[in-house]
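Keep the sequence and the structure in view while reading.

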Amino acid sequence: MKTITLIQGDGIGPEITEAAVKVIDAAGVKIDWDLQTAGEDVIEKEGSPLPECVLESVRKNGAALKSPVTTPIGRGFRSVNVTLRKELDLYANLRPCCNLPSVKTRYENVDIVVVRENTEDLYAGIEEKIDENTAHSIKIITRGASERIAKFAFEYAVKNNRKQVSAVTKANICKLSDGLFLEAARHIAEQYPQIQYREILVDNCCMQLVQNPCQFDVLLLPNLYGDIVSDLTAGLIGGLGVAQGANIGEHCAVFEPVHGSAPDIAGQNKANPTAIILSAVEMLNYIGEEKNGKRIKSALFETFRQGVCTPDLGGTASCCGFTDAIIKNLQE
Ligand code: NAI
């Protein structure tokens, strides 16, 4: 039996985590969940929103399934999510965005993979208040991290039969930092002549994504643009409720949905667990449970085909009701 770290987060976190665990269990996958807690609620008890034991658990187990953790806005502690990625050197944030059966969206055949650098850029958290009216935030881009993520994107493209990688930057303005990212991407692109390499500025990329998303295949971005653009691509396939994600490093990986803790719907049994279930499927693939991952994905897709979905997709199913429908399809 595999031991996997489980971080159930806060907001809608506990509801969607329960859904994912139930579905995995119903698929017959035997997992010993190593339950860990992080976020505001543990500060008092542990002295930190991300206690060392959480990091240790992921290091030891090699994989984690994680729900969102709230980050205070404009004040308070540093994001648990950012710190976790940095501490475990989970340098690649992989966010596949593909249309789902029977989920009506503006476009059909969207199949984009966002590869976001996950350890530096403005997320380095180096900020200072110069005076009452001025604040600085430092954007860090290094050749090492940029080449590493570019290599990840091209390797992903080769292994997954993708045809094109587009490097997305604002190198016309951030000439040195984004310029360096681009230089690294070009250098790696030369080693993959079989993959078409493209460069596009992030503002134009957003417009093109909204007007003609099917022209894109793999998008390669520094941290901040990757964060923003992946919410946009989530919008193309039905919203944050269906957008899966993974943070991957050399030695371990944390699988989590793209979305946050959705405080506006927390505790109402309304959350869509699709994003975490699809993230969990990727986790199952990662630990060698591809067959069961495939079964879960088929049962989820069948549920959509039956017209069952949560309110964010225009349906009436509750989080629990939707989960039960998936489980029923698993058993048929
Ligand atoms: P959010 O992603 O939590 O919510 C944005 C909108 O999408 C809300 O209307 C919400 O109801 C909806 N939504 C999100 N997930 C949904 C789901 N599964 N089913 C149905 N509707 C869903 O973004 P927001 O409000 O900007 O952030 C809330 C908190 O989450 C913040 O503290 C933020 O820092 C944190 N956050 C944490 C992340 C993580 O743990 N990896 C990632 C992003 C945000």
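## Handedness of the first crossover

A crossover is right-handed if, with the strands pointing away from the viewer, the path from the first strand over the helix to the second runs clockwise. In this predicted model, strand β1, helix α1 and strand β2 form a β-α-β unit of the right-handed kind. Helix α1 covers residues 13-26.

## Pairing around β1

Strand β1 spans residues 2-7, and strand β2 spans residues 31-36. The two run parallel and are paired over 6 bridges. Strand β1 also runs parallel to strand β3, residues 63-66, with 3 bridges joining them.

Isoleucine 7 takes part in both pairings. Its opposite number in β2 is glutamine 36. In β3, isoleucine 7 has lysine 66 as its bridge partner.

## Cysteines

How many disulfides does the model contain? The count is 0, with a disulfide taken as two cysteine sulfur atoms within 2.5 Å. Cysteine 97 is in no disulfide: the nearest cysteine sulfur belongs to cysteine 98 and lies 8.5 Å away. Cysteine 97 has a relative accessible area of 3%, so it counts as buried.

Cysteine 309 is likewise in no disulfide. For cysteine 309, the nearest cysteine sulfur is that of cysteine 319, at 13 Å. Is cysteine 309 buried or exposed? Cysteine 309 is buried, because its relative accessible area is 14% and the cut-off for buried is under 20%.

## Lysine 175

Lysine 175 sits in the loop between β8 (164-169) and α6 (177-189). Its relative accessibility is 57%, so lysine 175 counts as exposed; the threshold is over 50%.

What does the side chain of lysine 175 contact? One of its polar atoms is 3.0 Å from the backbone oxygen of asparagine 172. Asparagine 61 is 114 residues from lysine 175 along the chain, and their C-alpha atoms are 41 Å apart.

## Ligand surroundings

There are 22 residues around the ligand. Those that come nearest are Val69, Thr71, Gly260, Ala262 and Asp264.

The side chain of glutamate 256 places an N or O atom 3.2 Å from a nitrogen atom of the ligand. Histidine 259 has a polar side-chain atom 3.2 Å from a ligand nitrogen atom. Alanine 262 uses its backbone: an N or O atom there is 2.7 Å from an oxygen atom of the ligand. Of the 810 Å² that the ligand exposes when taken alone, the protein buries 71%.

How values were computed:
Residues numbered from 1 in each chain as written. Predicted model: local features only at pLDDT ≥ 70, side-chain atom pairs only at ≥ 80, totals over all residues. Heavy atoms only, no water. Pairing = 2+ DSSP bridges. Helix = DSSP H or I, 4+ residues; strand = E, 2+ residues; numbered from the N terminus. Buried < 20%, exposed > 50% of the residue type's maximum accessible area, 1.4 Å probe, protein only. Polar contact = N/O pair within 3.5 Å; in protein donor to acceptor, adjacent residues only side chain to side chain. Near = heavy atom within 4 Å. Areas by Shrake-Rupley, 256 points an atom, 1.4 Å probe, with all protein chains shown as cover.
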